[in-house]
Each structure stands twice: as C-alpha cells, then as structure tokens.
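Please open the structure in your viewer and keep a selection tool at hand. The stops below go from one selection to the next.

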Amino acid sequence: MSDSAPWSQTLEVVLRQCGTNASQGLDAAEAANRLAQEGENRLQRQARIPRWKLFLQQFRDVMIALLLAAAVISGMIGEWVDSVLIAIIVILNAGIGFVQEWRAEDAVEALQSMSQPQSRVRRGGELQVIPAREVVRGDLIELRAGDTIPADARLLQSSDLEVEEAALTGESLPVSKSPEPVPTDAPLAERSCMAYSGTSITRGHALAVVTGTGMATEVGRIAQLLATASNRQTPLQHQLVRLSRVLTIAVIAISLLVFVQGVLRVPREFWDQRLFAEMLLVSVSLAVAAIPEGLPAIISITLALGANRMAGRNAIIRHLSAVESLGTVDVICTDKTGTLTQNRMVVAGVLPVAANESAKRELLRAAVLCSDAEITSQGEVIGGATEGALVVAAQQAGLDFTSLRAESPRLGEIPFSSERKRMTTLVRMHGAQPRLIVKGASDRVLPRCTADLSEQREGWMRRADELAAQGQRILAIADRDWNGDQLPQDSEQAETELRLLGLVAILDPLRPEAAAAVQTCRQAGIRPVMITGDHPGTAASIARELALLHGEDLLVHGSELDRWSEAQLREKLDQIAVFARVTPQHKLRIVEAHQQAGSIVAMTGDGVNDAPALKQADIGVAMGINGTDVSRQAAEMVLADDNFSTIVAAVEEGRVIYENILKSVMYLLTANLSEVLVLVGALLLGYPLPLLPLHILWINLVTDGLPALALGFEPPDSDVMTRVPRRRSESILTWQRLLAIIGIGGLMAAVCLIVFATQLPASHATEHSESMQSADAQLDYARTLVFSVLALSQLFYVASLRSFRHSVFRLGILSNYRLYGAILLGTVLQLLILCVPVLSRLFRVSTLTVFDLMLIVGCAAIPFVVVELGKALNIQEALSPIQRASDG
C-alpha cells in the first residue's frame, strides 16, 4: 500500500490530505466544487443497451423468425404483396417489442431511483442530512447503529463501534473499530480505523472523514462483490415463462398437424410446390398467432408500472417479487411508534422527584446530555423522534443544547439497544467529577435506582403505569457519580445504584387514518397484530383506541413469551392481538410462528436488529423516515411515510396488479386459442381455410399487445378489499380459468365457423370441385366475414374482462380510457381494411354492405354478451384470484 494510505496516517495528516478540519467540515461551496469535479458518490452503472441495438435484438425473437420465414415463403410462391405486408408486420411487431422492453427498463430504473439512502454530514459546523450520492471526499460524516456507510472514511471519533463487513471480507461477525492508525501494509480485514462504503454499523456511533467516494472506494475496486439490483424473475414471471414454453411446443405441434392434414386432404394429383408452400405459410402464421410471445413482456411492464403506482402511494418496492406477494398477505405484524402513531413526539409531562423548577431543569439537562438529537438553525430536528422531543422541551425551558453539551462534554456512552431499552452516557459536568446519566424505559431504569428510593419506587412504578395506560411513553432518567473517565465493558456494573431524577411522559398521537386502515384489514381477511417494545399499558391503550384489542383478544408481554414453548405460542397465536415489551428476537419468533400456521406475513421493522425478522417475513416492510439503512436493505418494501395505512394500500395494489395480470393472461390465451380452433375446426370439417395467413398475422398484431397491456391499468374493483386473500400456492391457471379460456375461445371459434359455413358456397364443400373458380368471390366474402368477426370479437371480449364480477357498463369509460383507446384503434384499423379499396385488395377482402357490418358486429358481440350474463349469474366469480370474505 502507498505511504499515504489513510489507515496508516495520523488524524492530522488525513485531515490535511482531505482538505478539511475535524470541527467544521467542508463549507457548502467547497463541497459543491468537489461534487462537480469528482462526480457523484455512486458506482458506475452498467450502460443501458442503445435503442438501435435493442430494436435489432427484437429480430432474434422466435416469433420474428417465424414471421420472416412466412415472408420468405410468400415470396417463393410469387405472392410479393403478401411478402411485403408480412415484412411490414415484422417491423411493427419488432417495434412493439422494442417499446415494451424500453418502457420496462424505464419503469425499473425509476423504481431503483426512488429508494435513495441519506447521510448525515457536518458542513460549515452544522449537521445536515443529504442524499448519500452527494457525499464528497473531505466530508465529516456521522455514523450510528443501523447506518450503511456511504463512502470510505477514516474514523476520527468512535464509541463502542462495531461494523459488519461481510460484503467486503466475507466475515459475518461484526468487527470492532477505533480511530487508532494501523500499519501501512495491514490487510483489509485488519484496518480497524477505517469504515468502508457498503458496510453497516451494528453498534455504537462515530465521526469520520470521507477519504474516497464512488469508484474510488474499496467496494468500487471490487464492484462485483457489491450486491446490485437483481434481475431475477418473480415467481409469477417464472410460472408464465414455463407456460409460454409449454404452449409454444403445443402450438408448433398443432401447426405441424395442420400442415400435414392440409396436404393429405388434397388428392395426390393436385400436389405441387405452391400447395406445399401455401400450407407451410398457413402453419407458420398459425404458430405466430397462437404463441403468446408478448406475455412475459406484458407481465414485466404491469409489475413495474404497478410498483410505480405503489410508490405514488408512498410504498417503495425494492423487489418486483413483492408486488405479486402482497396480494396473498393475511397477517400484518406492525410496530406502533410512527406506523400506527404519528411519530410526532411531544413531551406531555415532566415529573421531577422534587417538585420545583430547579429539579425540573436538572431533569431536562440530564435528558439532553443523554441524547444525540440536534436542532438546526432552521429549527429542524435531526435525530430520533423521542430524543428530539426531549431536546425541544429543554429548549422551551430555556436550556440551549449546544451550550449544555459544550460545558459538559461526553466522555463515553453505552448505546441504546432494543434489548436493554436504555442508554447511558458519561459526561464531565462543568469540569467537575464525571457523572453517569441513564435514560430509558421506566420499568428498566427504576429497578436500578438506589435503595434509598425503595419506599418510593413502587409509587413511581404505579405512576408510570397510570400514564402508560393513557397511551403515553414513559421515560425514567437517573444519574450517579463516577470515578474515572471511562465506562466499564460490563454495562450492568455501571447502571446500578442510580439516583432517580424523574419521569418524562411523551405523547405520540395516533395517525387519523390508522383506525380506518385497521378496519379495512379486517374486512379484507387480513389480521393486524401490534408488536411493540413499548410498555404494555401504552400498547393496550393504543390498541383499544384502534379496535385492535377487544373482546377475548390477548396482550402478551415479552417476558411471558420467553416462558412459552413453541407449541404454547402456536396454540394461542390466533387470540393474540398485541405483543408488548418485545425484542427483535421475539419478532423473528412471532413471524416464524405465523408462517408455520400457514399465514403469509408482512412485518414492519426499523432497527438494525429487525433485519432477521424482515428477511424471514414474506414481505419485509422497512421505515423510510425513521428506519435504518440495514433494515431497508433487508426489506422488500420501504414506507416513505412510515404509515400503517400505506401497507394496507400496498396490499390493495398488490391484489389489483395480480388480478390485472390474470386478466391479460386469460385474454391472450383465449384470443390465441380461438384462432387455432378456427383453423383446426375448418380442416376437421373439410372446409377450405377460413383465414389467410395475412389475416391471422393482422389479427395477432391488432388485438394482442395494446389491449392486453391496457388491462394492466385497470383500477381496483370497489370491493377488492372486502375479499379474503388468494392462496400463494394457487396456480394462475386454475381448472375454472382453463374451462373459461376453452369455453370462450371455443365460442369465438364456433361463431366464426358457423358464419363461414353458412356463407360458404356448396361448391366449396371440397376445395377442388369443378365449380371452385366461379365461387372464389363467395369464398373471399366468407373469409372477410370470419376475419372481421374474429378480430372484433376479441376486441369486444377484452372490454368484458375489465372485471370478473361487475358489468362493464357499471365501470365507466374514463376509469380505463387506455383500454377503450386500444379497442377503438383496433376497430378503426379493421374498418380501414374493409372500407379502403387499396387495403381491401392487399388483404383480399370483399366489399361489405351495411347489413354485413351489422352481422359482423352482432356475431362478434356474442362472446361479450355471454361473459356479461355470466357476471349477472355470478358464474364469473370463480375466475377471480380472491374470493369474498364471507366466502372464506
């Protein structure tokens, strides 16, 4: 390593090399200049495929290859007009595929940019919170437990700091860090004075100076070790890709049978090269029309656009697989603070041991010295909501937090943890003897106070319980004299024989929409469970106000949970509505218990120790405002507003997205099946081909892509959250849906074949009768009717698929104007072919009368009418992925 390696230099040298100082940091102008010169603090992304290259890649698609083969075959038999038209269709299909892929990439890229990490930096002497990408070399960054380190940095100060560096070293256990320099040639794992980009703080806090950003970091040099956005297919995408492969094989087999059947039914004396080429062209066209090649792209776009819609409702999806999983959630385990409440902490009461103003100021002074929150010059609170409330209360009482901390500098600390539920600092009070201050949950601090308080302790405990029962969070603050400038390794040794200073009651109002969200959960067959580290009295008060806890519902204390076996927990699980005074280990156990009972669990978390429970849950939900970077990385979804109602909204979106995907799948498979059955049915009945290859390709182009994609924009049914969740094991193609696809596809084909048979001249009962030539015009007329009926019946059918339950006439046109736009476009294009002479000749269609057009519309509407009648008779209900709650 170089002699200038930051881990081998003194702090003064490192600061000088970085052009900064340890108290003020960079000023705003210098930070902006470095950002412009050195670039943003991010790894170089893999460049997107250029548009022209993405367009050309479409021609490697199997369907495009089949279309090109059809164009070549048409040219071979002298049908140059057909050949040119097919080539145009090839370009249009490639264009549609290109637009779909480009939009999918745009949607996913936008999704990735929504969840940007933040960093705390000290610039111009003031603490600021900025996007991590704006951190520059020389910035002073503050690091706390749960943070993901934004850049490589040399430690200036640290307290009980431990860092998890598995992304760099492969070592899963956290390593201790301190500012002391290490030898120049120290390996990565032994550079204990360095904090590296992408690693996570698991304990303690630190101040560090940034020595490298972006690609100039260790993780930038070995970027392949950094976890990047995954392109893995979701389970639904994987299921549909497999379905597409099976269907492709089946369709190719059917196309071969059509070819063989078409050739064998012609007497041998009529066999020639043109006959073989025509039948091959028909078979290839059938394969192109029947293969649902656009299905994976449509699903990807629908998932990505759905995730973007969720982001608009403050639910940021980190993995697309979460979108489809959300619709199956039947248990939501939620924290209380900030999720069901507003996390707008205010001090509702200050209760010093001695009822006088001096004791009150002493209590608030100790609270500030045992807190890390700060208030900026603009009045913004930076830090935890609880500690922010304490600092604001002290300021309102005339105590300046900056002056207090300067007069009584911190010598050491024992950080807060969810297991201990308290924090301890060691400060030198006004240059006098060091004093140890403890702040934490009343039931964790009061038992540690001196024996002199024993007679009053029970009274203080009762007072704390009374306030907690009113929904307030109660903190106890105590102190003691301390000999020496260092804390012992064993916190138990320090946090004893404390002198109680008093209690502070903090109120966190309920979110106004929380009660309605809880009620919506119950209507949707979802069970909300509160899991909180708070006092049982506080939890019970909030739960009752939200109607989470009533009747025979149970509230279980963490200590009681410790005494239960797994069997006991499973036995009582359905009765437990609230868990109080729980640890992260309890959260993991609760999630596992619900999963073992067969539930699909969404779990909220905000702390570094919540990561195991978030990963274990089917849907891990992290907090975007008060959550740690570690919890956000472990989660599938991040709440931008930390709001419980946002989880419920995301579940609703998840249900809607899955149902819309199902509609697209059913539409494409039904439409493709109808085309196959029309051709196969005609051959089995001994009829001439009712559709020319060009007709098949045109129907595939006009009716497949845009209408199926527009179904993805369908808004939710009004009763989507009054139905129980679908089962995760449920296949997208249940037997009821397969019957519906076969039934409606068969109905479309039957209508077309009946129209064809009634209009087919008797001389065409066999294709090579002597009078065939005189009846060619009538055959063209019959084909024109079939061509139009099939195209319009598919366009009408897609409108009926807007809802499995409600009549399309109740839904309104504007609620999905994109779908009606796609239907209108397809209808207009079909009419242009029928009415514009040039196009009519190209597509070999006959001139139609007004009566013919009425006949086409009437016949095309039959499948639509049948589906709408099915809704009226509740037959369609079985097609939905989620059933009514009363049915569950």
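Two strands are taken to pair if DSSP finds at least two bridges between them, and the elements themselves are DSSP runs numbered from the N terminus, with helices being H or I over at least four residues and strands being E over at least two. This is a predicted model, in which local features need pLDDT of at least 70 and side-chain atom pairs count only at pLDDT 80 or more, while totals for chains, interfaces and linings use all residues. Residues are numbered from 1 along each chain as its sequence is written, and side-chain values use heavy atoms, with hydrogens and water left out.

**First stop: a six-stranded sheet**

Select the strands in the order β10-β17-β16-β15-β14-β13, which form an open sheet of six strands with antiparallel pairing. At its edges lie β10 (346–352) and β13 (410–414), each of which pairs on one side only. Between neighbouring strands of this sheet the average turn is 20°, direction ignored; the axes behind such angles are lines fitted to C-alpha atoms, and angles run from 0 to 180 degrees between N-to-C directions.

**Second stop: strand β3**

Strand β1 (residues 118–123) runs antiparallel to β3 and is joined to it by three bridges, with V121 having I141 as its bridge partner. Five bridges link β3 to β7 (residues 200–212), again antiparallel, and here R144 stands opposite H205.

Which helix holds S664? Select α25 (residues 644–684), where S664 is found, and note that this residue is buried, with a relative accessible area of 0%. Leaving aside neighbours within four places in sequence, S664 is in contact (heavy atoms within 4.5 Å) with I298, A708, L711 and G712.

**Last stop: helix α5**

Finally, select α5 (residues 80–114) and find L92 in it, a residue that counts as partly exposed at 42% relative accessibility.

Methods: Buried means under 20% relative accessible area, exposed over 50%, partly exposed in between (1.4 Å probe, protein chains only).
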